[in-house]
Amino acid sequence: GALSAAAYHACLPDYLAHIGVAYNDVILACTFTLALLAGDRFVRRPCARRGALAGVCVGLAFGSKFSALLLGPIALGVVLLEACARRDRRSWALALIKHGALGLLSLYLTLVLIERGDLALALWRAGLEWTLNPSLRRIMPSYYLGALRPGSGVFFLIAYAVKLPLAAHALVGVGVALFARARWRTRRGWRRWLRAPWRAPLCGVLLLVVVFARSEVNNGLRYALPAFPLLALWLGPVWARAWRRARPAGRWALGALWAGAIGAALAAYPHFLGYMNALVPVERRNWVLVESSLDWGQGLVELREYLREEGYPAVSLAYFGSAAPASYGIVYRPLPSFLDIPPVDGVPPGPLPVAVSATLLSGLYLPGDLYAAYRDERPIAVLAGGSLLVYAPREDPLGPQ
């Protein structure tokens, strides 16, 4: 079961992509999972050691990203399930409260360490207030399926559909079907179901599905990464049991799905961030999704190699990223970009090819939708998994075509 869960993560290109990105989404996914498992273990058998461990794990999650607040309703659901399943509710509740206080203390001390000794947690509390108060922040519009749209849970449904290999989708479908079939055919007391080993991962997956179905923050599937370890922990034992009990034909079918899922991830190398499955051609990826689901400025190396191979001395560049293109050996004429990119010396006069990052092409972030005309033009090259599009040389990139 553990190997199955690990293999499932090994074939998720979005996970492989964000492991190498300087953001805390994968860190949150790890600490979120640890906190939920430690909390469930504490709720089953409250004691001082388990309470302190759960507090440390929850503190690590809260110190990773404020999205860890979603642990609250999941933990409440686990506690209610445990309370319904137990006969010794009074003694259990007293132990939970007693050792839970120690857990809160260890949570606080963990956050103090993360905040480098700030006993008042001033910076952490300021970030928490910003997260909980929508009036302090502006929700950006979303871009998907070729248009800017208000935030909607439809975004995450589309992202989940296209950002995972089709074989990985099939594995999840098989796992859910086998899980439901086993629960239907097995007759056990309801108390045993409430205390089943898979209750915490399943509660986590269900709550996160509900949250993201209503979310207005649509900057990328990376926000939903904490759901995938829980999904794997829930279905890993199901896949393993299916393998043990399957006939040769069934094992061949399961093996083919695993091979397809892992093979799709390997084939995406090194463009894990821009990966979309076979439903979306590479040249149409920027029509489906942009931002961290496709383009975080990772195309500079490939742009440099393309310019050298094609013999272009320079490029007109509209770049969505924070790196300095000149440090990659690119000679460019700067165009309006996400951040200002300084001009460089040695740009020859005359027409130059135009490279536009997919996110800027969508009309996000820059006023006036400066690159709208390029959306109807066929690029001469699609680089870095669809994150950077190159158009035919022209003298005035922002002038009439």
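This is a predicted model: local features need pLDDT of at least 70, side-chain atom pairs count only at pLDDT 80 or more; totals for chains, interfaces and linings use all residues.
Here, buried means under 20% relative accessible area, exposed means over 50%, and partly exposed covers what lies in between, using a 1.4 Å probe and protein chains only.

Residues are numbered from 1 along each chain as its sequence is written, and side-chain values use heavy atoms, with hydrogens and water left out.

**Salt bridges**

A salt bridge here is a side-chain nitrogen of Lys or Arg within 4 Å of a carboxyl oxygen of Asp or Glu. The structure has 12 of them.

| Pair | N to O distance |
|---|---|
| Asp25 and Lys65 | 2.5 Å |
| Arg308 and Glu305 | 3.7 Å |
| Arg375 and Asp369 | 2.8 Å |

Take Asp25 and Lys65, whose side chains meet in a salt bridge. Asp25 sits in helix α3 (residues 25-44) and Lys65 in the loop between α4 (48-64) and α5 (71-85), so the pair ties together parts that are 40 residues apart in sequence. Helices are DSSP runs of H or I with at least four residues, strands are runs of E with at least two, and both are numbered from the N terminus. Asp25 is buried at 2% relative accessible area, and Lys65 is buried too, at 16%.

Arg308 is exposed, with a relative accessible area of 55%, whereas Glu305 is partly exposed at 30%.

Back to Arg375: its side chain meets that of Asp369 in a salt bridge, and Asp369 is partly exposed, with a relative accessible area of 28%. Elsewhere, salt bridges that share partners join Asp40, Arg44, Glu82, Arg86, Asp88 and Arg199 into one network.

**The sheet**

Two strands pair if DSSP finds at least two bridges between them. An open sheet of 5 strands runs in the order β4-β3-β5-β7-β6, with mixed pairing. β4 (332-334) and β6 (381-383) are the edge strands, each with a single partner, so one side of each has no neighbour in the sheet. On average, neighbouring strands are turned by 30° against each other, direction ignored.

Strand β3 (residues 315-318) pairs in the parallel sense with β5 (residues 352-357) over 3 bridges, and β3 also pairs in the parallel sense with β4 over 3 bridges. Leu317 stands opposite Ala355 in β5 and opposite Pro334 in β4. Both faces of β3 are covered: Val315 and Leu317 on one side, and Ser316 and Ala318 on the other, are all buried.

**A helix pair**

Helix α12 (residues 227-245) packs with helix α13 (residues 248-268) at an angle of about 140°, their axes 9 Å apart. Axes are lines fitted to C-alpha atoms, for helices over the stretch in contact, and angles run from 0 to 180 degrees between N-to-C directions. α12 and α13 are therefore oblique to each other; angles under 35 degrees count as roughly parallel, over 145 as roughly antiparallel, 65 to 115 as roughly perpendicular and the rest as oblique.

Trp239, Ala242, Trp243 and Arg244 in α12 meet Arg251, Leu254, Gly255 and Trp258 in α13, contact being heavy atoms within 4.5 Å.
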